[in-house]
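Let's walk through this structure together, one question at a time. Have the sequence and the 3D view at hand as you read.

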Amino acid sequence: MGLNNLRGRVAWIFKDENFDVDQIVGVKNIKIKDPAELGKLVLQAEDREFAQSVKPGDLLIGNHNFGYGHPHYPPMIGMRYLGISGVLAESFSPGYWRGEVAMGFPQVTCPGILQVVSRWDEIEVDWGTNKFRNLTTGVNLPIEPLSNGDSQMLEAGGLVGYLHARDNEEAVK
Amino acid sequence: MGYTIAEKILARVSEKETVCAGDEVLAKPDFVIAYDFPGYTDVIFKQMEEDFGIDKVAEPDRYALFIDHMVPATTTQEEEMHQLTRDWGAKNNVPVYERMGIGHQVAAELGYATPGAFVVHFDGHISQLGTFGALAIGVRRHLLEAFVKERIKFKVPETTRIDLTGTLQLGVTARDVFHHIVRVLGPRGCRGHVLELGGDTIDNMSLEGRQSITCLAMFTGAITAVINPDKKALAYIKDRARIVIDPLFSDSDAKYASRHEIDVSALEPIVVVPPSPADTRDISEVAGTEVHVGYLGSCASGRVEDLELAADVLEGHKVKAGFQLNVIPTSQEIMKIAAEKGIITRLINAGAFISSSSCDYCFGRIGVMRAGQRAVSTGTLNVRGRMGSPDSEIYIVNAAAVAAAAIEGRITDPRPYLKR
């Protein structure tokens with residue numbers, strides 16, 4: 001069993017380096033826990049139609065050091081509620097990465113990505129070949145392979161599933 | 001081929017002869033530390049039982065819990081949260097330390113910062129135990145792994161080495177050195193790496209100053225910071241260390257991702273301008289900005305030398321009418337030393353408001369600002385809404401600059417106040 005490839009449209013491009021994800025819902029909403037409510041709030045300051053225009057499978061694009069600052073979980077809980085299936089970025093802030101991978105939310109490091117995508121392009125991440133493909137333009141780029149630990153965690157749907165998988169693995173040994 | 005201290009610590013705790021950056025290991029943390037906080041400890045305790053059927057941790061001495069946020073409690077829910085933590089600790093024979101100060105500092109005081117130890121927490125500011133030659137890493141929700149498994153899967157990080165040289169001017173502190181490192185390397189200069197610090201500036205720096213720098217490692221993108229333990233660090237930990245480990249040190253031919261030498265002798269006090277922890281300016285660029293609140297404290301600053309420096313600046317002056325200067329020593333031990341040295345009295349005489357140690361000022365649980373207010377702060381972070389209204393602002397400065405701003409009601413260079 002391997003990771004399912006990601007395929008969807010580019011729902012949003014975060015152009016800023018060191019992007020603080022809390023801005024996605026706004027600091028004043030950062031304590032909200034309800035996924036449906038968060039889903040309505042994401043990117044409202046930038047695009048009031050965002051929630052209506054996203055389809056399940058769609059992906060987000062980020063610049064370097066995506067998730068820098070003091071990231072909280074609610075923004076991406078809202079994004080996942082809308083069906084966003086992962087984030088591709090030039091690079092990620094380690095704390096953000098660790099937190100979202102623990103939630104089972106795929107994060108893909110893809111140097112050069114920002115230059116080769118436009119909003120609503122159809123794109124794909126192939127974990128088997130570690131390739132990014134822009135299906136709209138035909139451009140391909142290599143992605144950075146996941147560590148075994150991260151790969152297993154995403155495959156298991158997050159931290160709890162991963163630890164259960166390790167229970168089984170250790171029981172077999 | 002040589003190894004870094006981080007590689008040596010991870011080799012030790014994964015029971016391997018050697019490991020190199022990039023290897024994935026199963027590492028057994030020497031200490032697993034957390035403070036009680038909704039969404040973290042309560043969730044971990046629940047998941048342990050409900051998802052994994054574990055009602056007790058196997059080796060309670062490896063665990064430590066701190067109650068340092070929401071202290072003192074202001075709602076019944078907060079006190080219930082604390083009680084949950086106390087009950088869990090009692091059931092598990094895991095120590096729960098409360099009302100002693102900010103856990104990251106108290107952990108050092110209590111000997112969890114053993115040189116050569118591998119320590120995990122969910123909070124990244126635990127990196128400051130690196131001051132004592134421990135490798136201490138904030139792993140966010142992955143901390144659950146350390147509660148339900150003996151070992152955690154961990155990728156050995158690369159190390160970026162920074163050597164700091166030169167003597168700091170009076171009124172320029174370790175805080176400024178850290179923010180200068182961010183300015184030089186950028187907010188992703190050490191992304192995913194261990195930040196290893198050395199050089200004559202570090203050698204001559206107090207442990208308190210080193211704690212300020214290692215505490216904030218995350219804002220360079222690093223996962224932690226570490227300093228090879230020297231006489232000062234080993235002397236501090238000697239009678240405190242909870243376990244016996246031979247201290248580990250980087251080899252002279254260790255392999256680093258990159259090495260940098262940074263001269264700090266000409267450094268002036270720095271201001272980190274809101275809302276980014278990476279927007280670093282010389283104080284001369286923002287001097288004159290009106291400010292209304294001063295916060296001197298946090299796990300990054302608020303130690304004896306910070307308090308003393310602020311008292312020196314305030315000597316013969318008063319906090320400006322209407323300005324709120326909140327001084328919160330980082331731990332009760334620090335409060336006690338500052339009291340014995342007369343520093344607390346000097347601060348009170350100048351008009352400072354002193355509170356017992358707590359994390360709560362730093363993240364806007366108490367002492368909050370309304371829209372339009374601006375703070376000078378030695379807290380860890382200046383993102384929007386951190387200390388109250390999303391429309392308030394936080395300017396991060398050193399302890400001396402907090403005190404100088406308290407006198408004038410505006411951001412100002414503290415150095416003239418120290419020349420007598």
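A residue counts as buried if 20 or more other C-beta atoms lie within 10 Å of its own. Keep in mind that this is a predicted model.

Q: What percentage of the 420 residues in chain B is buried?
A: The cut-off for a buried residue is 20 or more other C-beta atoms within 10 Å. Applied to the 420 residues of chain B, it gives a buried share of 56%.

Q: What radius of gyration does chain B have, against the value for a compact globule?
A: The C-alpha atoms of chain B fill a box of roughly 60 × 55 × 40 Å along the principal axes. For 420 residues, a compact globule would have a radius of gyration near 22 Å, and chain B agrees with that at 21 Å.

Q: How many helices and strands does chain B have, and what share of its contacts with a separation of 6 or more joins residues 24 or more positions apart?
A: Chain B contains 15 helices and 18 strands. Among its contacts with a separation of 6 or more, the share from residues 24 or more positions apart is 75%.

Q: In what order do the elements of chain A run from the N terminus?
A: Chain A has six helices and seven strands. Read from the N terminus, they follow the order β-α-α-β-α-β-α-β-β-β-β-α-α.

Q: Why does chain A count as compact as a globular protein of its length?
A: The C-alpha trace of chain A spans about 55 × 40 × 25 Å along its principal axes, and 45% of its 173 residues are buried. The globule rule gives 16 Å for 173 residues, so chain A is as compact as a globular protein of that length, with a radius of gyration of 16 Å.

Q: Which helix of chain A supplies the largest share of the side that touches chain B?
A: The contact takes 24 residues from chain A and 29 residues from chain B. On the side of chain A, helix H4 (94-102), helix H5 (148-155) and helix H6 (159-172) each supply at least two residues. By class, that side has seven nonpolar, 12 polar and five charged residues. The largest share, five residues, comes from H4(A).

Q: Is helix H11 of chain B roughly parallel or oblique to helix H13 of chain B?
A: Helix H11 (residues 304-314) and helix H13 (residues 343-350) of chain B pack with their axes 9 Å apart, at an angle of about 40°. Angles under 35 degrees would count as roughly parallel, so H11(B) is, relative to H13(B), oblique.

Q: What handedness does the crossing of H11(B) and H14(B) have?
A: The axes of H11(B) and H14(B) lie 8 Å apart at an angle of about 30°, which makes the two helices roughly parallel. Residues in this contact include Leu309(B) and Val313(B) of H11(B) and Val402(B) and Ile407(B) of H14(B). The contact has 10 nonpolar, no polar and one charged residues. H11(B) passes H13(B) in a left-handed crossing, whereas its crossing with H14(B) is right-handed.

Q: Is Ala401(B) buried or exposed?
A: Ala401(B) lies in helix H14 (residues 399-408) of chain B. Leaving aside neighbours within four places in sequence, Ala401(B) is in contact with Pro269(B), Ile283(B), Val376(B) and Pro414(B). With 35 other C-beta atoms within 10 Å, Ala401(B) is buried.

Q: Where is the cis peptide bond with omega of about -5°?
A: Most peptide bonds are trans. Pro72(B), in the loop between strand S3 (63-67) and helix H3 (76-92) of chain B, is one partner in this cis bond. With omega of about -5°, the bond joins Val71(B) and Pro72(B).

Q: Is Arg99(B) buried or exposed?
A: Arg99(B) is found in the loop between strand S4 (96-98) and helix H4 (103-109) of chain B. Arg99(B) has a positive phi of about 60° although it is not a glycine. A residue with 12 or fewer C-beta neighbours inside 10 Å is exposed, and since Arg99(B) has 12, it counts as exposed.

Terms used
Residues numbered from 1 in each chain as written. Chains lettered and ligands numbered in written order. Predicted model: local features only at pLDDT ≥ 70, side-chain atom pairs only at ≥ 80, totals over all residues. Contact = placed C-beta atoms within 7 Å. Helix = DSSP H or I, 4+ residues; strand = E, 2+ residues; numbered from the N terminus. Nonpolar A, V, L, I, M, F, W, Y, C, P; charged D, E, K, R; others polar. Rg over C-alpha atoms; globule rule 2.2 N^0.38 Å. Axes fitted to C-alpha atoms, helices over the stretch in contact; angles between N-to-C directions. Parallel < 35°, antiparallel > 145°, perpendicular 65-115°, else oblique. Left-handed = near helix turned anticlockwise from the far one by under 90°.
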